Amino acid sequence: MSRLNPLRLIVPAALVVLAACQDTTTPLAPVAARVTPSAYAPRQVQGWFDLMAREGLALPGTVLADYDETTNRVVVGVEHAAAAASVRALAARLGVPAAALVVREMEPIRFATTLRDRVDPRIGGIQIHFGNFLCSMGFNAVDGGQASFVTASHCTDKQGGVEGTVYYQPLQSVDAVSIGTEVEDPPYRRNIAGCPHGKKCRTSDASRAAYNPGITSALGQIAQTDAAGPNTGSLVLSNNGSITLTGADLRDHFGIAETMNKVGRTTGWTQGQVTMTCATVNVSGTNISQICQTIVENSVQIVGGGDSGSPVYTSSNALAGILWGGNSSGTLLVFSPLKNVQDEIGPLQVK
């Protein structure tokens, strides 16, 4: 596990398996001609713009100010009619002629929220922080009435076993109020069925943290980026902000060539096809093997450091498991099926 990069890497050798623009033809409308009111010189309108930008944007409900060179007018964007009235009154006091001013109602402009920003309520796929490391939140769950989230087992202070790892979102330096504490992370054991000689094994790289009092979360919601399709690298949340899970897919064997999706803080929404199912996987640089894991591949990058813990879901938006690893080129990811997670952690309400 590298600093701030807790994605366990595997290499193909670590898999233990038995076989294995056109030109525009429509005429374009001519560009609007420059309109310059004869009463106002451009330099004079530019001066009015400077006044309105300095004074007008101090008014509540204002969005932007612009000198529109094509019409030789000052444009002020406002959120609502009350702000528009305030802007026009200010312009009159400052000596800006009404004919040189355009007041336009528009939506407010906000910072684009990304998977690496503070997201409230908390949903699957966003960044979480513990110790010196970053991971992705997997999915929200209720266990015995306890509001919780699931992430990767290695996204704890010690993989396997409960030591009370404390989590922050997105970073402790951004929000010093912790969101949750690790409460469930089964130990890795030797000599269990299917475990290779000399290895410690589990069937899922998953742990559960209980939300702290006062922390809000949205059950059954996974972050949705603004990307029109998968594998673009976008980390910006869409206007909707999330997708709703349709349920839980409790298979431990998925179909070869079946499409799987994931969303995580490093590579966003990515997608690939199942190439191996129920494979036993050695984790490079450790004595750990994960039994009955699913391998997903693509020709482009679909996973990166920090994506550990990401939720994996089907094309029908059914929760399928927890991502925990990938190869060094990022074209292959490994996830623990949700069935295995529940076999080890217990039944979970996920929507």
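**Walking through the model**

Colleague: Let's start with Tyr40 and Trp48: buried or exposed?

Modeller: Tyr40 is buried, and Trp48 is too. Buried means under 20% relative accessible area, exposed over 50%, and partly exposed is in between, with a 1.4 Å probe and protein chains only. Bear in mind that this is a predicted model, where local features need pLDDT of at least 70 and side-chain atom pairs need 80 or more, while totals for chains, interfaces and linings use all residues. Numbering runs from 1 along each chain as its sequence is written, and side-chain values use heavy atoms, without hydrogens or water.

Colleague: OK. How many aromatic pairs are there?

Modeller: Rings of Phe, Tyr and Trp (its six-membered ring) pair if their centres lie within 6.5 Å; planes under 30 degrees apart are stacked, over 60 edge-to-face, the rest tilted. That rule gives six aromatic pairs. Tyr40 and Trp48 are edge-to-face because their ring planes meet at 75°, with the centres 5.3 Å apart.

Colleague: And which residues do ring pairs link into a cluster?

Modeller: Phe130, Phe133, Phe149, Tyr167 and Tyr211.

Colleague: Zooming out, how many helices and strands does the chain have?

Modeller: Three helices and 23 strands. They are DSSP runs numbered from the N terminus: helices are H or I with at least four residues, strands E with at least two. Of the chain's 351 residues, 50% count as buried.

Colleague: How much space lies in the largest cavity?

Modeller: About 50 Å³. On a 1 Å grid over the protein atoms alone, a cavity is a set of points where a 1.4 Å probe fits but cannot get out; a pocket is an open set with protein on both sides within 12 Å along at least five of seven lines; lining residues have an atom within 4 Å of a point. Points join across faces, edges and corners, and the volume is the space filled by probe spheres set on them.

Colleague: So what lines the largest cavity?

Modeller: Among its lining residues are Met260, Lys262, Gln271, Val296 and Leu333. Strand 18 (259-264) and strand 19 (268-282) each supply at least two of the lining residues. By class, the lining has five nonpolar, four polar and one charged residues. Here Ala, Val, Leu, Ile, Met, Phe, Trp, Tyr, Cys and Pro are nonpolar, Asp, Glu, Lys and Arg charged, and the others, Gly among them, polar.

Colleague: You mentioned Leu333. What stands opposite Leu333 in strand 23?

Modeller: Gly326 does, and Val296 also has Leu333 as its bridge partner in strand 23. Strand 20 (residues 288-297) runs antiparallel to strand 23, joined by four bridges; strand 22 (residues 318-326) is antiparallel to it too, over five bridges. Strands pair if DSSP finds at least two bridges between them.

Colleague: Is strand 23 (residues 332-337) covered or open, and how many of its residues are buried?

Modeller: Mostly covered, with six of its six residues buried. In the hairpin of strand 22 and strand 23, five residues sit between the strands, and Gly330 there has a positive phi near 80°.

Colleague: Which residues of helix 3 (residues 338-345) are buried?

Modeller: Leu338, Asn340, Val341, Gln342 and Ile345. Gly346 follows helix 3, with a positive phi near 110°.

Colleague: Now pockets. What volume has the largest pocket?

Modeller: About 300 Å³. It has 15 lining residues, with Thr113, Leu237, Ser238, Asn239 and Gly241 nearest its centre. Strand 16 (residues 237-244) gives the most, six residues.

Colleague: And the second largest pocket: how much space lies there?

Modeller: About 160 Å³. Of its 13 lining residues, Gln224, Ile243, Trp269, Tyr313 and Asn317 lie nearest the centre. Its lining has six nonpolar, seven polar and no charged residues.

Colleague: Which residue other than glycine has a positive phi near 75°?

Modeller: Ala257, in the loop between strand 17 (247-248) and strand 18. Ala257 counts as exposed, at 52% relative accessibility. Asn72 also has a positive phi, about 55°, without being a glycine. Asn72 sits in the loop between strand 3 (62-68) and strand 4 (73-78) and is buried, with a relative accessible area of 0%.
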